[in-house]
Each structure stands twice: as C-alpha cells, then as structure tokens.
Amino acid sequence: MLKFWKDHAKDLQKLSCVARVYLCIHAGSVQVECLFSTTGIILNHKRSSLSPDKVNMITFIHDNSKYLYLFCEFHSMATGQCGHQL
C-alpha cells in the first residue's frame, strides 16, 4: 500500500498527503509521553471534575487539531466546495 502512494504521489498530491498522515507508524514512546503531558495539562486541579469521557474527547481534539486543515482542504477539493467551514 505504501508503495502505491509513493508511486502515485505526483498524480494524487493532496490525497497522498492524507495517506501519509494516516498510514504512517510512529516508533518510540514520544507520542505516549506527549499524550500524558497533554492530559496532565487538561486535567489539572481546576478541571478535576471532568469525566473521563470528556477528558478523552478534549485530548483527542487537541492531538488531532493539526490535521483539521488538511482534512478541510481534502474535503473541499473532493466536494468542489470552497472555503473552510467547520
């Protein structure tokens, strides 16, 4: 599958960027440490009453917000719509 994207990256530039984001495997524990750090910032003494589900949702949004722009670009290209409505 990765070979396909490497071979077709020029033809499918935007889509190959999306594939690169979602098909890559990160080695090491850096992401886990970042996750714990983020969760620690979210769940501090002022927010200690948040439910585990809410903490999970906030952490997920925080960790994946950098992909939102890429998703919006791909979606607008696929649907033919202009603009970045969230």
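# Chatting through a helical chain

The chain in this predicted model exposes about 7400 Å², and carbon and sulfur atoms supply 63% of that area.

Me: Hi! What is the secondary structure of the chain?

Reply: Hello! The chain comes to five helices and zero strands. Reading along the sequence, you get the pattern α-α-α-α-α.

Me: Nice. And what does the pLDDT of the chain average?

Reply: The average pLDDT is 75, and 81% of the residues score at least 70.

Me: Which elements have the lowest and the highest mean pLDDT?

Reply: Helix 5, residues 68-79, has the lowest mean, at 73. The highest belongs to helix 4, residues 52-64, with 84.

Me: What share of the residues is buried?

Reply: Of the 86 residues in the chain, 13% are buried.

Me: Can we zoom in on one residue? Is Thr-59 buried or exposed?

Reply: Thr-59 has a relative accessibility of 5%, so it counts as buried, the cut-off being under 20%. You'll find Thr-59 in helix 4.

Me: Which residues is Thr-59 in contact with, leaving aside neighbours within four places in sequence?

Reply: Thr-59 is in contact with Leu-35, Thr-38, Thr-39 and Ile-42, once those neighbours within four places are set aside.

Me: OK, now Leu-43. Where is that one?

Reply: Leu-43 sits in the loop between helix 3 and helix 4.

Me: Why does Leu-43 count as partly exposed?

Reply: Because its relative accessible area is 38%, which falls between the 20% and 50% cut-offs.

Me: And what does Leu-43 touch, not counting residues up to four places away?

Reply: Leu-43 touches Ser-48, Leu-50 and Val-55 on that count.

Me: How many Å separate the C-alpha atoms of Leu-43 and Thr-59?

Reply: Those two C-alpha atoms are separated by 9.8 Å, with the residues 16 apart along the chain.

Me: What about contacts across the whole chain? How much comes from residues 24 or more positions apart?

Reply: Among contacts with a separation of 6 or more, such pairs account for 34%.

Me: Switching topic: how much space lies in the largest pocket?

Reply: About 330 Å³. The pocket is lined by 15 residues, and the closest to its centre are Gln-31, Asp-63, Asn-64, Lys-66 and Tyr-67.

Me: Which helices each supply at least two residues of that lining?

Reply: Helix 2 (13-23), helix 3 (30-42) and helix 4 do. Helix 3 gives the most, with six residues.

Me: Last one! What classes of residue make up the lining?

Reply: The lining of the largest pocket has eight nonpolar, five polar and two charged residues.

Note on methods
Residues numbered from 1 in each chain as written. Predicted model: local features only at pLDDT ≥ 70, side-chain atom pairs only at ≥ 80, totals over all residues. Heavy atoms only, no water. pLDDT = per-residue confidence, 0-100. Helix = DSSP H or I, 4+ residues; strand = E, 2+ residues; numbered from the N terminus. Buried < 20%, exposed > 50% of the residue type's maximum accessible area, 1.4 Å probe, protein only. Contact = heavy atoms within 4.5 Å. Areas by Shrake-Rupley, 256 points an atom, 1.4 Å probe, with all protein chains shown as cover. 1 Å grid on protein atoms, 1.4 Å probe; cavity = no way out; pocket = protein on both sides within 12 Å on 5 of 7 lines; lining within 4 Å. Points joined across faces, edges and corners; volume = space filled by probe spheres on them. Nonpolar A, V, L, I, M, F, W, Y, C, P; charged D, E, K, R; others polar.
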